[in-house]
Amino acid sequence: MSQLEMNGAHPGFELHKIMIPRSVDTRRLVNILDLSREIKAEVDPEMLDSLIDLLFNSFDTDNIGVDLPSRIYLLTDGKEVIASVFLTTNKERLPEKYRAVLNGYYIYNVCTATPYRGLGLMKNLLYQILLEDPDFPDLVDIGKSICYPEPVFYLTVGPDNLAAQNLYHRLGFKKIDKTEGEREYDVFEWIRS
């Protein structure tokens, strides 16, 4: 746990980083409720329940998954999770051409609890992940890969989620593609320049 630098505006929030390794038998937990068995030793049960509530309240689906391995960043106010960002090297939900980037990371399950939106919390949290916490050796899975000089971050967002798209643009993400399938998402990329 560490105090998240919030430019002095929001003291008292804590940042938690939780690592979920890849299981031998799977690259993805298909249901967020399965997360409890993977990290129960590392996370207070109330905090885990709060995370699950936040995810279910933030996304328009009842099937929220977790890619393995993942690092989870939680911003908390006491035991209440007020924001989350998940990070993985498992990029199977991206178009094929972006999956082979060795130092490419997929950002997902990005959400902030409604009462805390508009305070700059997610901007600061993502900024910290992108610029101040760039070394992810516990996530890297070496194989047939392309490696860039700096880490590359990808994320997908619904084309109608303008608030999220505006946030990502302000952080320097560029829209580079669309996913295909039953639901289309815009693919964004961020490379340190």
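Start with everything shown: buried residues make up 48% of the 193 residues in the protein. Here, buried means under 20% relative accessible area, exposed means over 50%, and partly exposed is in between, using a 1.4 Å probe and protein chains only. A word on what you're looking at: this is a predicted model, where local features need pLDDT of at least 70 and side-chain atom pairs count only at pLDDT 80 or more, while totals for chains, interfaces and linings use all residues. Residues are numbered from 1 along each chain as its sequence is written, and side-chain values use heavy atoms, with hydrogens and water left out.

**The overall fold**

Switch to cartoon view. You'll find four helices and 10 strands; these are DSSP runs, numbered from the N terminus, with helices being H or I of at least four residues and strands E of at least two. Trace the chain from the N terminus and the elements go β-β-β-α-α-β-β-β-β-α-β-α-β-β. Among the contacts with a separation of 6 or more, 65% are between residues 24 or more positions apart. Contact means heavy atoms within 4.5 Å.

**The largest pocket**

Next, select Phe 59, Val 110, Thr 156, Val 157 and Asn 161. Of the 47 residues lining the largest pocket, these lie nearest its centre. The space in there comes to about 1,600 Å³.

Grid points are joined across faces, edges and corners, and the volume is the space filled by probe spheres set on the points.

Which element gives the largest share of the lining? Colour S7, which supplies seven residues. Elements that each supply at least two lining residues include helix H3 (121–132) and helix H4 (162–170).

While you're on strand S7, click Asn 109. Its phi is near 50°, a positive value in a residue other than glycine. At 12% relative accessibility, Asn 109 counts as buried.

**Salt bridges**

Side chains of opposite charge can pair when their charged atoms come close. A salt bridge here is a side-chain nitrogen of Lys or Arg within 4 Å of a carboxyl oxygen of Asp or Glu. The whole structure has seven of them.

Select Lys 79 and Asp 44, whose side chains meet in a salt bridge at 3.0 Å, N to O. Lys 79 lies in the loop between strand S5 (70–77) and strand S6 (80–88), and Asp 44 in the loop between helix H1 (35–39) and helix H2 (45–58), so the pair ties together parts that are 35 residues apart in sequence. Lys 79 is partly exposed at 41% relative accessibility, and Asp 44 is partly exposed too, at 26%.

Now try Asp 67 and Arg 93, a salt bridge with an N to O distance of 2.4 Å. This pair links distant parts of the chain, with Asp 67 in strand S4 and Arg 93 in the loop between S6 and S7, 26 residues apart. Asp 67 is buried, with a relative accessible area of 3%, whereas Arg 93 is partly exposed at 36%.

**Around Asn 90**

Stay in the loop between S6 and S7 and pick Asn 90. Is Asn 90 buried or exposed? At 2% relative accessibility, Asn 90 counts as buried. Not counting residues up to four places away in sequence, Asn 90 touches Arg 27, Asp 67, Leu 68 and Tyr 106.

Follow Leu 68 along to Pro 69: a cis peptide bond joins them, with omega about -5°. Pro 69 is in the loop between S4 and S5.

**Last stop: Glu 189**

Finish in strand S10 (residues 186–191) by selecting Glu 189. Glu 189 is buried yet has no salt bridge, and the nearest side chain of opposite charge, Lys 174, is 9.2 Å away. (Lys and Arg count as positive and Asp and Glu as negative; His and the chain ends are not counted.)

What does the side chain of Glu 189 join in a polar contact? Show Tyr 154: the two side chains are joined by a polar contact of 3.4 Å. A polar contact is a pair of N or O atoms within 3.5 Å; within protein, one must be able to donate a hydrogen and the other to accept it, and residues adjacent in sequence count only if both atoms are side-chain atoms.

Methods. 1 Å grid on protein atoms, 1.4 Å probe; cavity = no way out; pocket = protein on both sides within 12 Å on 5 of 7 lines; lining within 4 Å.
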